[in-house]
Amino acid sequence: MAFDLIFKNKIPQSEKLIAFGFVEDGEYYRYHCGIMDGQFNLTVMVSKNGNTKVKVVDAETGDEYVLHQAEGAIGSFVGKVKNSCLDVLQQIAESCFEKRVFKSEFAAKVISYVKEKYKGDFEFLWEKFPENAIVRRHDNKKWYAALLTVSRCKIGLAGCDKIEIIDLRMVPEDIEKFVDGKKYFWGYHMNKKHWVTLCLDGSVPLKEIFERIDASYHLAEK
């Protein structure tokens, strides 16, 4: 369904949902509005883990309208109802959700850590590489971390399935000491004298990754 695609790879932000007009309702945030000049009432339910439910009800009869969700349904009226729903859902997606490209638990915790400690947001700079993002210091705009999705073989591991990694700054002496081809790797697509790569698959403990992020942040100050 087109409705599902709007929220694909996106995660809801509770404070933005509330600001938009959603009301917390148990495990969901609920939003009501009229569409089609008040002919229908649209209800959008967003769960705290990102699942979304959409319901359209005829304002006069109270009956649920479902034709706009039927793949084979045709007709100008059905199309208008569907487009009216899409317009509202697109506004909600743009106003209340953030992009979720990275799927691993470690990547999600890294993003939260950076946001909470350094007020940093990862930037997606490359249209051709939508699964790559960087974060930089606010004062001098220097990068201190990059989150990337690459094939395992690209960093020297066996297999070609995708893996999420983080590139971080590190002093050259420590890079020489830590790179082992198992937990620490030469900086992927970075200056290998000053950057190191870690996999976000549990091979390096989260606490250690956070410590490396802190060190990288301070190295980017120079």
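1. Let's start with Lys-16, which touches Ser-95, Cys-96 and Glu-98, leaving out residues up to four places away in sequence. Contact here means heavy atoms within 4.5 Å. Lys-16 belongs to helix H2 (residues 14–20); helices are DSSP runs of H or I with at least four residues, strands are runs of E with at least two, and both are numbered from the N terminus. Lys-16 counts as partly exposed, at 34% relative accessibility; the scale is buried under 20% relative accessible area, exposed over 50% and partly exposed in between, with a 1.4 Å probe and protein chains only.

2. A word on the ground rules: this is a predicted model, with local features needing pLDDT of at least 70 and side-chain atom pairs counting only at pLDDT 80 or more, while totals for chains, interfaces and linings use all residues. Residues are numbered from 1 along each chain as its sequence is written, and side-chain values use heavy atoms, with hydrogens and water left out.

3. Next, the open sheet: five strands in the order S2-S3-S4-S5-S6, paired antiparallel. Strands S2 (23–25) and S6 (64–65) form the edges, each pairing on one side only. Two strands pair if DSSP finds at least two bridges between them. Strand S3 (residues 28–35) and strand S4 (residues 40–47) run antiparallel and are joined by eight bridges, with Tyr-31 opposite Val-44 in S4. Helix H3 (residues 76–96) packs on this sheet and touches S3, S4, S5 (52–58) and S6, its direction making about 135 degrees with that of S3. For that angle, axes are lines fitted to C-alpha atoms, for helices over the stretch in contact, and the range is 0 to 180 degrees between N-to-C directions.

4. Thr-43 is worth a look. It lies in strand S4 and is buried, at 14% relative accessible area. Its side chain makes a polar contact of 2.6 Å with that of His-32. By polar contact I mean a pair of N or O atoms within 3.5 Å; within protein, one must be able to donate a hydrogen and the other to accept it, and residues adjacent in sequence count only if both atoms are side-chain atoms. Beyond four places in sequence, Thr-43 touches Arg-30, Tyr-31, His-32, Lys-53, Val-54 and Lys-55.

5. On to helix H4 (residues 105–118): its 14 residues reach 20 Å from first C-alpha to last, close to the 20 Å expected at 1.5 Å a residue. That expected span is 1.5 Å times one less than the number of residues. Phe-106, Ala-107, Val-110, Tyr-113, Val-114 and Tyr-118 are buried in H4. Down the axis of H4, these buried residues fall within an arc of 120 degrees, so they line one face of the helix; the arc is that of the directions from the helix axis to the C-beta atoms. Exposed Glu-105 and Glu-116 sit on the face turned away from the buried side.

6. What covers the buried residues of H4? The cover includes strands S8 (133–136), S9 (143–151) and S10 (162–169), plus helix H6 (206–219). In S9, eight of nine residues are buried. S9 pairs antiparallel with S8 over four bridges, Ala-133 standing opposite Leu-147. The S8–S9 hairpin has six residues between its strands, and Lys-141 there takes a positive phi near 65 degrees. S9 and S10 are also antiparallel, over seven bridges, and Leu-148 stands opposite Ile-165 in S10.
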